[in-house]
Each structure stands twice: as structure tokens, then as C-alpha cells.
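Subject: Structure handover and notes on side-chain contacts

Dear colleague,

Here is the structure I promised to pass on, with my notes below it. Please read the two together.

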Amino acid sequence: MEKTVRPETMERITTKALADAFIEEQIKEIRAQVGDKKVLLALSGGVDSSVVAALLIKAIGKQLTCVHVNHGLMRKGESEQVIEVFGKELDANLIYVDATDRFLDLLAGVSEPEKKRKIIGGEFIKVFDEEASKLEGIRFLAQGTIYPDILESDGVKAHHNVGGLPEDMQFELVEPVKLLFKDEVRVVGEALGLPHDMVYRQPFPGPGLGVRCLGAITRDRLHALREADAILRDEFDKNGLAGKVWQYFIAVPEFKSVGVKDGKRYEGWTAIIRAVNTTDAMTATIEEIPYPLLHTICDRITHEVGDINRVFMDITPKPIGTIEFE
Ligand code: XMP
């Protein structure tokens, strides 16, 4: 198959005016391609699928059906935001599937990272397929493919994304942002009126918190990780670091250590803070976090997340460490 190539004459979308022009042009193209037929989209809530959803809602409204699969490994508040923004504010046809139990039951006892990824990716396809087969008259599948996906892989959405879809689906593709770079997708997202934090969200791996709840995932440790991660993000937001640090998150390993609470010794989990800067994710440097902020984060995590009694900071660049732990 011939690779799609971005024309050299295509202007980089850096302003609202350029984004508005792009949106108008895409609305016409989408309408011409789709006509009065129905379109399906797997909406993860990430930047690319959210922008595609917003564009399609503008172009064809209820001819679009979005399916949001909550695999139980989302960050705190993410699925809720998808429901709020797309289901309520934009009044989209949104099917929300809470498949948490299916994923966590399958993952129980599985500690090998690639096996975990395979289970999550495979189950995602199954759930999406099941939902798609309940719908009638779908002719098109929309995807948030962006230009780096085409440059870096074989033209499908990033090869290790959980967003990979069933190969035997007989749909024609609608890929309105496939010639855009990430920064352009963000400018378009803002011009479409999507929330700033959705559009400027840091990268989040398809398998979600699954690769940060290290080893075999348990519900209690996953819950502790999600809460601790929400505190880290909240503090980064409040202290102006959210826009400066490329990726920051908490990982929780399997081991427990002893702490003391109310005069009693008890065992708790450890939250590891990772905050890195990079341009292409191939190498990464460690972001210096002011000590007073680290103290606040440690204090909040250990007090607000009952099961965590220690906070570590990972100071390993990439290489030698990868950005994620698994
Ligand atoms: P590493 O850990 O390889 O990560 O240094 C580089 C970038 O890729 C993201 N990442 C993933 N993204 N599915 C994804 O969609 C995955 O399985 C996956 N593993 C890593 C990671 O968050 C970082 O931005």
C-alpha cells in the first residue's frame, strides 16, 4: 500500500485562524466521504481520538457513534471526563462500556509485562468488536491516526497502542488528522473547543495504569496507584509544572515495607515518582522537582492514600531506564 505523504506546501497549523480553516476544510471532506452513512470511533479520551471525535461531531453529528471502553486502567477522572465532554456537552452518540472486571479478572496473577500488554490489547479488541457488532449500518471507522504514526510505522495507529482494532473489520477508514503533527492536532483541538487539559494532556500508554501497577495487578494496589497519581498530577498542575514536564506519573511496585501509623507498625506500598523531559521519547532527562513540592506530594500521598507509606523518586535518565517501568 502506498504511504500517505504530507505535501511540502502544507502550512504548519500554529494559530487559531489556521486551525479554523483546517476544520472547515475537513468538515467538507468528511461530509463528502461519508454522505449519510454511519461512522464508528473508538474514543479513548486521548488527544488524537478526542480531536477526531469533536471534528466528526461537527461534521456529521449523530451519524457518528463513539465507543469508550473503560479497561479499568484509566487515570482518575478520565472516563468521567469523556462522558461529560462527549456524552453531555457535545451530545454525541456515546456508548460507554465499563469493562473493568473483564480486564482485571483476565490480568489477575499475570506478572510478565508483555503478557499483560497482550491481554489488555486483545481484550480491548474483543470488547470493541462486541459493541460494533451490536450496531447496524456502520460503513466507516474513524481513527486518530496522526502523521508520526504514518512516518514511524506502517500507517496504522501507533503499533503498541491499545487502540489497535480488529483486522477483519470491513470498514472504510476516516482519518481526518492523518497529515497533522501532534502540536497541530492540539491547536485544532483547542479551536474545536475541547478542554485545555484534554488537548494538552501528557502522553499516556494505551495499557494505561496496567504498566505502572508493576507485576501482577491487584485491585487494591491499582486503587492506591490511581489515587497517588491523581495527587501528583494535582500538585504539578497547581505548581505550574504540568506544562513544563513532558511526562510524570506514579508507579507502584509489588513490594511492601513497614511504616508506623497511630503508634502501630504496618505494611504499606511504595509510590515511585517519575518525571521526565524528552522531545521524542527515545531519550529522556530527569526533571528537577523543588524539594518543598516533593515534601508536599509525599505528605499528601502518605496521608490521603491509606495503603501507601513510602514515596521514592526515580532519578534514572533514559537510557538507562525506559520512561515506563514495564
Ligand atoms: P518507554 O517506556 O519505552 O516509553 O521509554 C516511551 C514512550 O512510549 C510510551 N509507552 C507506551 N505507549 N503503549 C503505548 O501506547 C505502550 O505499551 C507503551 N509503553 C510505553 C511511554 O508512556 C512513553 O511516552
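This is a predicted model: local features need pLDDT of at least 70, side-chain atom pairs count only at pLDDT 80 or more; totals for chains, interfaces and linings use all residues.

Residues are numbered from 1 along each chain as its sequence is written, and side-chain values use heavy atoms, with hydrogens and water left out.

Salt bridges

The structure holds 25 salt bridges, each being a side-chain nitrogen of Lys or Arg within 4 Å of a carboxyl oxygen of Asp or Glu. One of them joins glutamate 184 to arginine 6, with the closest N and O atoms 2.7 Å apart. Because glutamate 184 belongs to helix H7 (residues 182-191) and arginine 6 to the segment before helix H1 (16-34), this pair ties together parts that are 178 residues apart in sequence; helices (H or I, at least four residues) and strands (E, at least two) are DSSP runs, numbered from the N terminus. Both glutamate 184 and arginine 6 are buried, where buried means under 20% relative accessible area, exposed over 50%, and partly exposed in between (1.4 Å probe, protein chains only).

Another salt bridge, between glutamate 84 and lysine 88, has its closest N and O atoms 3.8 Å apart, and both residues lie in helix H3 (residues 78-89), four residues apart, which is about one turn of the helix. Here glutamate 84 is partly exposed at 35% relative accessibility, whereas lysine 88 is exposed at 57%.

In helix H9 (residues 219-238), aspartate 234 and lysine 238 are likewise four residues apart, or about one helical turn, and their side chains meet in a salt bridge at 3.4 Å, N to O. Aspartate 234 counts as partly exposed at 29% relative accessibility, and lysine 238 is exposed at 56%. Both take part in a network of salt bridges that links Asp234, Glu235, Lys238, Arg300 and Glu304.

Strand E6

In strand E6 (residues 247-251), five of the five residues are buried. Gln247, Phe249 and Ala251 point one way from the strand, and Tyr248 and Ile250 point the other way. E6 runs antiparallel to strand E8 (residues 264-277), to which five bridges join it; two strands pair if DSSP finds at least two bridges between them. Within this pairing, glutamine 247 stands opposite valine 276 of E8.

Aromatic pairs and charges over rings

A search of the whole structure finds four aromatic pairs, where rings of Phe, Tyr and Trp (its six-membered ring) pair if their centres lie within 6.5 Å, and planes under 30 degrees apart count as stacked, over 60 as edge-to-face and the rest as tilted. Tyrosine 147 and phenylalanine 181 form an edge-to-face pair, at 5.5 Å centre to centre and with 90° between the planes. Tyrosine 147 lies in helix H6 (residues 147-152) and phenylalanine 181 in the loop between strand E5 (172-174) and H7, so the pair ties together parts that are 34 residues apart in sequence. Tyrosine 147 is buried at 7% relative accessibility, while phenylalanine 181 is partly exposed at 22%.

Finally, the charged end of arginine 75 sits over the ring of phenylalanine 204, 4.0 Å from its centre, and that of lysine 261 sits over the ring of tyrosine 266, 4.9 Å from its centre; this requires NZ of Lys or CZ of Arg within 6 Å of the ring centre and within 35 degrees of the ring normal.

Best regards
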